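Hi,

Here is the structure I said I'd pass on. Have a look at it first, and then read on for what turned up.

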Amino acid sequence: KQWYQRRVAITAGGPPKEEPVAIPKVTSSSASATRSSPGRSTDVQSGPLFTQEKHRLDTDRTHDNLQQIGVGVSSLREMALSMGDELERQNQDLGKLSTEANKANMGVNKLNKDMNKILANT
């Protein structure tokens with residue numbers, strides 16, 4: 001039986017691709033047969049080569065995760081910039097609307113004043 005550990009390799013300009021990396025399971029009988037000297041194990045699951053490979057895979061996985069985070073942060077940045085542009089446009093529209101509302105309010109106040117004069121004279 002083989003155990004697989006998946007690793008994501010991100011290629012420039014393309015979507016992430018998954019590549020299976022096979023890590024063979026070693027039984028205790030095969031591990032004892034591969035010992036090169038007493039006290040020093042070359043067991044695939046616990047020896048220095050396995051530790052180096054595990055560290056490399058962990059480093060690769062961390063690197064891939066950081067690249068994915070970077071892509072996400074870039075996407076969020078673009079969305080934030082787009083939202084900022086939209087808010088600026090809407091703010092300008094609100095400024096124009098406020099000016100128009102103030103003009104209309106002054107006109108209504110003038111009409112009320114004129115109506116009060118007319119009513120006072122009758």
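**What turned up**

There are eight salt bridges in the structure, a salt bridge being a side-chain nitrogen of Lys or Arg within 4 Å of a carboxyl oxygen of Asp or Glu. Before the details, a word on where the values come from. This is a predicted model, so local features need pLDDT of at least 70 and side-chain atom pairs count only at pLDDT 80 or more, while totals for chains, interfaces and linings use all residues. Residues are numbered from 1 along each chain as its sequence is written, and side-chain values use heavy atoms, with hydrogens and water left out.

**The overall picture**

The protein has two helices and two strands, in the order β-β-α-α from the N terminus. Those are DSSP runs numbered from the N terminus: helices are H or I with at least four residues, strands are E with at least two. Of the 122 residues, 8% are buried. Buried means under 20% relative accessible area, exposed means over 50%, and partly exposed is in between (1.4 Å probe, protein chains only).

The protein exposes about 10,200 Å², and carbon and sulfur atoms supply 60% of that; the areas come from the Shrake-Rupley method with a 1.4 Å probe, and for residues only the protein chains shown count as cover. If you take contacts (heavy atoms within 4.5 Å) between residues at least 6 apart in sequence, 27% join residues at least 24 apart.

**Helix H2**

H2 covers residues 48–121. Does its length agree or disagree with its number of residues? It agrees: at 1.5 Å a residue, the 74 residues should span 110 Å, and the end C-alpha atoms are 106 Å apart. The expected span here is 1.5 Å times one less than the number of residues. Phe-50, Leu-57 and Asp-64 are buried in this helix.

**Charged pairs along H2**

Side chains of opposite charge can pair when their charged atoms come close. Asp-58 takes part in two of the pairings I'd point you to. With Lys-54 it makes a salt bridge whose closest N and O atoms are 3.4 Å apart; Asp-58 and Lys-54 are separated by about one helical turn because they sit four residues apart in H2. Asp-58 also meets Arg-61 in a salt bridge, at 3.2 Å from N to O, and here the spacing is three residues, again about one helical turn. In terms of accessibility, Asp-58 is partly exposed at 27%, as are Lys-54 at 44% and Arg-61 at 34%.

The side chains of Glu-53 and Arg-56 are joined by a polar contact of 2.6 Å. For a polar contact, a pair of N or O atoms must be within 3.5 Å; within protein, one must be able to donate a hydrogen and the other to accept it, and residues adjacent in sequence count only if both atoms are side-chain atoms. Glu-53 counts as partly exposed at 30% relative accessibility, and so do Arg-56 at 33% and Asp-60 at 22%.

**A nonpolar patch**

Leu-66, Ile-69 and Val-73 form a nonpolar patch on the surface, with about 300 Å² of accessible area together. Patches are made of residues with over 30% relative accessible area and no salt bridge; like charges are joined within 9 Å, and nonpolar side chains (Val, Leu, Ile, Met, Phe, Trp, Tyr) within 5 Å. Leu-66 is in H2 and counts as exposed, at 54% relative accessibility.

Cheers
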